Amino acid sequence: MTGMKRGMMLLLALVLLLGITLPSGCADEGTGGSGVSGGGEKEPYVLGAVLSLTGAQAGLGGPEKNAILMEVARINEEGGINGHPLEV
């Protein structure tokens, strides 16, 4: 597998993993499980990403970061996930 294919497969696996596990742990104890803050807006879902942004693999990490940020922006423009915005 080439480095680019490997990076894209890793990104796809990360997105799928987050899509499966994100909804399972999103209830906020301070809101009675609704995830809604006092102002009526829903709390954001915060995602983490481990990317190679320096060193020998920086050529792969930059495009991966851009892809993640573009997808998060697209999801947020469509109203987020069940009304919750995403943050990276």
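A residue is termed buried when its relative accessible area is under 20%, exposed when it is over 50%, and partly exposed in between. In this predicted model, Glu 71 has a relative accessible area of 35% and is therefore partly exposed. Glu 71 belongs to a network of salt bridges that also links Arg 74 and Glu 78.

**Salt bridges**
- The count of salt bridges comes to two.
- One of them joins Arg 74 to Glu 71, with the closest N and O atoms 2.4 Å apart.
- Arg 74 and Glu 71 lie three residues apart in helix H2 (residues 58–77), which means that about one helical turn separates them.
- Arg 74 also forms a salt bridge with Glu 78, where the closest N and O atoms are 3.0 Å apart.

**Accessibility of the network**
- Arg 74 is partly exposed, at 36% relative accessibility.
- Glu 78 has a relative accessible area of 59% and so counts as exposed.

**Geometry and faces of helix H2**
- The 20 residues of H2 should span 28 Å at 1.5 Å a residue, and the distance of 29 Å between its end C-alpha atoms agrees with this.
- Gly 61, Glu 64, Ile 68, Val 72 and Ile 75 are the buried residues of H2.
- Viewed down the axis of H2, these buried residues fall within an arc of 70° and therefore line one face of the helix.
- Exposed residues Gly 59, Met 70 and Glu 77 are carried on the face of H2 turned away from its buried side.

Methods
Residues numbered from 1 in each chain as written. Predicted model: local features only at pLDDT ≥ 70, side-chain atom pairs only at ≥ 80, totals over all residues. Heavy atoms only, no water. Salt bridge = Lys/Arg side-chain N within 4 Å of Asp/Glu carboxyl O. Helix = DSSP H or I, 4+ residues; strand = E, 2+ residues; numbered from the N terminus. Buried < 20%, exposed > 50% of the residue type's maximum accessible area, 1.4 Å probe, protein only. Expected span 1.5 Å × (residues − 1). Arc of directions from axis to C-beta.
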